[in-house]
Amino acid sequence: MAELLRIEHLCMNFSGLKALDDISLTVHDDEIFGIIGPNGAGKTTLFNNITGFNQPTSGRMFLEGEDMTGKNTTAFCLKGIARTFQNIRVFGQMSVLENVLVGMHKNMQANLFEIILKTPRQKKEERKAREEAMEMLHFLGIADAADEMAGSLPYGTQRKVEIARALVSRPKLLLLDEPTAGMNPQETDDLMHLIAQIRKRGPAVTVIEHNIKFMLTLCDRIAVLNFGKLLALDVPEKVAVNPEVVAAYIGEEEE
Ligand SMILES: Nc1ncnc2c1ncn2[C@@H]1O[C@H](COP(=O)(O)OP(=O)(O)OP(=O)(O)O)[C@@H](O)[C@H]1O
């Protein structure tokens, strides 16, 4: 177990609103780390900060010890962070396979000249990329949909396309923002097993979810946010019985 991500005293203000208020935490390279909290607690803002979509108002962030504070999305991506979004963002008019190939872009070597001339090296690289993308689709159980237009597929499958696209970039940390949103109980259960398998394959996973049962079952540790503050950070068994957490969130969710 080694430290992968470290956040120190992170603050994010939106015109006076403290969306993140002095958050400090670490994510290890072998864990499934959960983030829960009521609507507006700052969960997505935290994701946006640790992927370079937003710059924090203050505080620092480190990936494998490297100071990433103030860096942009490209820098975070190159350093090994990949994410999915609360609102699915697949390329609807492209096939599932093409969507996944987009995620491989950062690992490809061919330059524009080679792509235009379709050199042997470029062709070989493209063939390898397709094989790798198909292998990922098999892993996620959606290989049959490889040639379908991504936008025409059920919600649950589109979520998996997004996950496949993120995974082929070979991230060290995969961030999933409400991955079960719009899924039925069977799809949710399948996804939970899939995330456990993803962790075994390599990347650590950080997941935001409102489905408490899902989070308590899946995660190694859970951070609870409330009004931008870190209310608790512990193993699921302790989070589930933390009186402050129950009062602020879990009780309310279960009602
Ligand atoms: N770009 C923005 N401009 C202004 N305020 C914002 C912006 N993004 C988020 N906020 C505010 O910051 C707070 C935290 O929002 P955030 O989306 O991070 O919460 P969340 O915990 O992800 O909520 P949810 O569970 O509803 O997705 C909210 O009050 C929200 O209205």
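Q: Two strands pair if DSSP finds at least two bridges between them. How many bridges join strand E9 to strand E10?

A: The model is a predicted one, in which local features need pLDDT of at least 70 and side-chain atom pairs count only at pLDDT 80 or more, while totals for chains, interfaces and linings use all residues. Residues are numbered from 1 along each chain as its sequence is written. Helices (H or I, at least four residues) and strands (E, at least two) are DSSP runs, numbered from the N terminus. Strand E9 (residues 221-226) and strand E10 (residues 229-234) are antiparallel and joined by five bridges. One of these connects Ile222 with its partner Asp234 in E10. E9 and E10 form a hairpin with two residues between them, and Phe227 in the turn has a positive phi of about 50°.

Q: Is Asp22 buried or exposed, or does it fall in between?

A: A residue is buried if 20 or more other C-beta atoms lie within 10 Å of its own, exposed if 12 or fewer, and partly exposed in between, with C-beta atoms placed from the backbone. Asp22 has 14 other C-beta atoms within 10 Å, so it is partly exposed. Glu64 has 15 C-beta neighbours inside 10 Å and therefore also counts as partly exposed. Ala129, in helix H5 (residues 120-139), has 20 C-beta neighbours inside 10 Å and so counts as buried. In the whole chain, buried residues make up 37% of the 255 residues.

Q: How do the side chains of a regular strand point?

A: In a regular strand the side chains alternate between the two faces of the sheet. Strand E8 (residues 204-208) may be read with this in mind. Ala204, Thr206 and Ile208 point one way from E8, while Val205 and Val207 point the other way. Five of the five residues of E8 are buried.

Q: Which strands run parallel with E8?

A: Strand E3 (residues 32-36) is joined to E8 by four parallel bridges, and Phe33 has Thr206 as its bridge partner in E8. Strand E7 (residues 173-177) also pairs with E8 in the parallel sense, over five bridges.

Q: What is the order of the strands in the open sheet of four strands?

A: The order is E2-E1-E4-E5, and the pairing is antiparallel. E2 and strand E5 (66-67) stand at the edges with a single partner strand each, so one side of each has no neighbour in the sheet. Strand E1 (residues 3-14) pairs with E2 over eight antiparallel bridges; among the pairs, Ile7 has Leu25 of E2 as its partner.

Q: Which residues are around the ligand?

A: A residue is near a molecule or strand if its C-beta atom, placed from the backbone, lies within 6 Å of it. Around the ligand are Phe14, Leu17, Ala19, Gly37, Asn39, Gly40, Ala41, Gly42, Lys43, Thr44, Thr45 and Gln86. Two or more residues of this shell come from each of strand E2 (17-28) and helix H1 (43-49). H1 gives the most, with three residues. To sort the shell by class, Ala, Val, Leu, Ile, Met, Phe, Trp, Tyr, Cys and Pro count as nonpolar, Asp, Glu, Lys and Arg as charged, and the others, Gly among them, as polar. On that basis, four residues of the shell are nonpolar, seven polar and one charged.

Q: How does the radius of gyration of the chain stand beside the globule rule?

A: The radius of gyration is taken over C-alpha atoms, and the globule rule is 2.2 Å times the number of residues to the power 0.38. The secondary structure of the chain comprises ten helices and ten strands. The chain has a radius of gyration of 19 Å, close to the 18 Å that the rule gives for 255 residues, so it is as compact as a globular protein of that length.
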